[in-house]
Amino acid sequence: MSIRARGLRKRFYTPQPVDAVRRVDLDVGPGEVVGLLGPNGAGKTTTLRMLATLMVPDDGDAEVAGFSVHGEPAQVRAHIGFLSPNTGLYPRLTPRELLRHFAVVQGVDRPDDRVAALLAQFALEESADRLCERLSTGQQQRVNIARALVHDPPVLIFDEPTLGLDVMAARVVLDCVRDARAAGRTVLYSTHVMREVEQLCDRIAIMADGAVRATDTLAGLRDRTGAHYLEDVFLAVVQATDVAA
Amino acid sequence: MLEVRRLIRQRLSMVLLVLTPLVATVLLGWTVGREGVVVQKVAVSPAAAAALEADWAALGLVVVDAGAPVSVDVDGVDLVVHQRGDPRRSAAVMARLEPVLGDWERRVRAPAWAGVGVEVGPEARWALAVVDHSVSAADGTARLVAPMWVFLVLSGGLYVALELFAVDRERGLLEALLATRVDRRTVVDAKTVAVAGVSGLVVLLSAGVWGLLRGWSVWTYPGVAVLLVPLVAQSTGGLVALCGWVSSSRVGRALGMPVMLVGAGLAVVAGLPGVELNAVWAVVPVVGLSLALEAMVGTGLDAGIGVWVVGVAALQGVGAVMGARWLLLREGVLLGG
C-alpha cells in the first residue's frame, strides 16, 4: 500500500477537547487515485495533515510510501507532494527562484535542470522570472503544483486544491492529477466538488464525524446506497452516520 | 539564505528598516552635539585624583587621558579628567574640585613655577586648570542611546519576526516548508537566525554611526558590540516566541507594541536616579545591559561588572531563544491547531 492508516486519532483542545479525528482506517494502493469526501468538520484536513506529518496523531499509526509517520516523518515528507488551499507562494520570489529553493530543500540532484523541466511542463517559462505576486491565480496555482512535484514524489496528498479557483485554474489541478495517475503516482484527493471525484478517482472514501464511513468505487457505493448520483451517495452515507451517531 | 533574500526583495521595507534608524541616529547625534551642555576638561594632580577617587561616579568624572592634551610645563600635572553633565552639575563639581586644586596649587604648582622665577597667584589657577569648555556630553547621550538601541533591536526584530512567522503562516508558506523533508527545527532555527541577523545589523549600524559621531575610541566599538549581542538574543527570543505563537500578524502587531514599550521602558528604568550598575541590576533583563551600555559609551565600564553583565545577559538571551524554540516546536503552535 502507498498509504495505510490504522486507527488514526487526533484531539484538539480549544480549550474544550474536540475529537477532530476519532478513528481513520484507510488504504490507498500504488498508482491509485482516491477521493476523500466529507462535510466540513469531518476530519479530512486533519487526517491529511497527519499523513503529511504536519501533525502528530494522538493514537494509531500510518505508513506513507512505506514509511511510518511516527518513526520516519522526514522520509514520509521526502516521498509526498502536499498541496492545500492554504499553501501559498513567496510573493517576492520568482517561480524559478522558488522552485529552485524547494528543489534544493528536497535534495533534488541537478535542481536547475529539474526546475527548467517543471517550468516547461506547466507552461511557466515566460513568467519564470516575474515575481510570484504578479502572476495570475492560475499561474500561481501552477507554480504551487510544480512546487509539490519538484522532488518527483510517488505520493500526492491534495487537500481541496481547487478551492476558490476559477474553472481554468481548477482545470490545471485536475490535469495534474490525471497526469499523476498516468505516471503511476498515488493520489489522495480531498474535495467538496463531487464532479471532480467522479472524473478523477478510482475509489472514494467518505468521512463523517472523524471517521471513514465508507470506502469503495463509485459503482460499489451506488450499489450499497441505492443512489445513483454521487451527491446522493454522499448524503446517504453521511446521513446514515448522523442517524447512527 | 532564502529568508534573507526574500526580506531584501522587500526593498522599501528594508530601506525603512535600516535607513530610518541610521537617519534617526545621525539626527539625534547631531542634535545632542549642539545642545548647550558645558563639559569641562580639567587638569588635576595625582593628589586630586586620589582625593576624588571615591567620588568619581557621583561626580560624573572619568579619567580619559594621562595629561597628554594639557600642555602645562609644570611637574605634577599628570591627569586630565572629563567632567560630564549639565552646567549646573558642572558648577557643583567645580566647587568640589576647587579646594583640591587649591591645595595642589600651593604644594606643587606654585613652587614649581617659583623655581623658574614666576610667581603665580590663585587667580591664575583656572586659566590652566580649565582647558576646554565644549567637548561632549557623553554621560547624557549615553542615557539616550541605550533606550534607542533597545527600541531599534525590538522594532527591527518585530518586523522580521512578524514577516517570517505570522505572515508566513497566514500565507501558507510555513505549511509548504514544513511539508518538505527539512526538519522542523531547521525551519525554526533559520527564521530565528534571520530575525537576530536583521535586528542585530540594524542596531550595530546605528551604534557604529553613533560612535563615529561621538568620536569613540577604537576599543569602544567591540565593547558595545559585545553588549548588543545578548540584547539581540533576548529580543529575538521574545519576539520569535510571540510571533510564532500568535494567530495572525494583526494580533502580532497588536501585542508587539506593548512588548516594545516594555523593553524600551526597562531601558529607561536604567536611566533613573539611583539605578546604578551593580551585581543586582545586572541580572534584570535589558536594564543590566542598558546600564552597561551607558557606562561603556559614557564613563567607562569596569571589566569585572562588564563580564558579569555580559555573562548573565548571554545566559538570558540563550534561554529566551531556546524557550522560543521549545514553544514553537510544540505540537500545533507553529501551524496552529
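Two residues are in contact here if their C-beta atoms, placed from the backbone, lie within 7 Å. The views below all come from a predicted model.

**Figure 1. Chain B as a whole.** Let us start with the overall make-up of this chain. Chain B holds 13 helices and four strands. Of its 337 residues, 42% are buried. Now take the contacts in chain B between residues at least 6 apart in sequence: 79% of them join residues at least 24 apart.

**Figure 2. Where chain B touches chain A.** This view turns to the interface. Chain A contributes 22 residues to the contact, and chain B contributes 18 residues. On the side of chain B that touches chain A, α1 (2–9) and α8 (173–178) of chain B each provide at least two residues. Which helix gives the largest share of that side? The answer is α8(B), with four residues. By class, the side of chain B that touches chain A has seven nonpolar, four polar and seven charged residues.

**Figure 3. The largest nonpolar core.** A total of 141 residues belong to this core. The residues with the most contacts inside it come from chain A (A:Leu51, A:Ile157, A:Tyr189 and A:Ile206) and from chain B (B:Trp149, B:Ala161 and B:Ala292). Helix α7 (residues 138–171) of chain B supplies the largest share of this core, 16 residues. As general background, nonpolar side chains in soluble globular proteins tend to be buried together.

Figure 4. Helix α1 of chain A spans residues 44–51 and is mostly covered, with eight of its eight residues buried. The buried residues run from A:Lys44 through A:Thr45, A:Thr46, A:Thr47, A:Leu48, A:Arg49 and A:Met50 to A:Leu51. What does A:Leu51 touch, not counting residues up to four places away in sequence? Its partners are A:Ile3, A:Ala5, A:Ala62, A:Val64, A:Val69 and A:Ile157. Two of the residues named in this view, A:Leu51 and A:Ile157, are also among those with the most contacts inside the largest nonpolar core. After α1(A) comes A:Thr53, whose phi is positive, near 65°.

**Figure 5. Helices α3 and α5 of chain A, side by side.** Helix α3 (residues 95–105) of chain A packs against helix α5 (residues 137–149) of chain A at an angle of about 20°, and their axes are 9 Å apart. Angles under 35 degrees count as roughly parallel, so α3(A) is roughly parallel to α5(A). The crossing in which α3(A) passes α5(A) is right-handed. From α3(A), A:Pro95, A:Leu98, A:Leu99 and A:Phe102 meet A:Val143, A:Ala146 and A:Arg147 of α5(A). This contact of α3(A) with α5(A) has six nonpolar residues, no polar residues and one charged residue.

Figure 6. Helix α10 (residues 220–245) and helix α11 (residues 249–269) of chain B pack at an angle of about 160°, with axes 10 Å apart. Angles over 145 degrees count as roughly antiparallel, so α10(B) is roughly antiparallel to α11(B). Here too the crossing is right-handed, as α10(B) passes α11(B). On the α10(B) side, B:Ser235, B:Gly238, B:Leu242 and B:Cys243 meet B:Gly252, B:Leu255, B:Gly256, B:Val259 and B:Gly263 of α11(B). The residues of this contact of α10(B) with α11(B) comprise four nonpolar, five polar and no charged.

**Figure 7. A closer look at B:Ala241.** This residue lies in helix α10 of chain B. Is B:Ala241 buried or exposed? Since 20 or more other C-beta atoms within 10 Å make a residue buried, B:Ala241 is buried because it has 22 of them. Leaving aside neighbours within four places in sequence, B:Ala241 is in contact with B:Gly323, B:Ala324 and B:Leu327. For a sense of scale, the C-alpha atoms of B:Ala241 and B:Arg171 are separated by 19 Å, and these two residues are 70 residues apart along the chain.

**Figure 8. Two loop residues of chain A with positive phi.** Neither residue in this view is a glycine: A:Ala65 has a positive phi of about 55°, and A:Glu160 has a positive phi of about 45°. A:Ala65 is found in the loop between β4 (59–64) and β5 (67–68) of chain A, while A:Glu160 sits in the loop between β7 (155–159) and α6 (167–182) of chain A. A:Ala65 counts as partly exposed because it has 18 C-beta neighbours inside 10 Å. A:Glu160 has 22 such neighbours inside 10 Å and so counts as buried.

Terms used. Residues numbered from 1 in each chain as written. Chains lettered and ligands numbered in written order. Predicted model: local features only at pLDDT ≥ 70, side-chain atom pairs only at ≥ 80, totals over all residues. Buried ≥ 20, exposed ≤ 12 C-beta atoms within 10 Å, placed from the backbone. Nonpolar A, V, L, I, M, F, W, Y, C, P; charged D, E, K, R; others polar. Core = buried A, V, L, I, M, F, W, Y, C linked by C-beta atoms within 7 Å. Axes fitted to C-alpha atoms, helices over the stretch in contact; angles between N-to-C directions. Parallel < 35°, antiparallel > 145°, perpendicular 65-115°, else oblique. Left-handed = near helix turned anticlockwise from the far one by under 90°.
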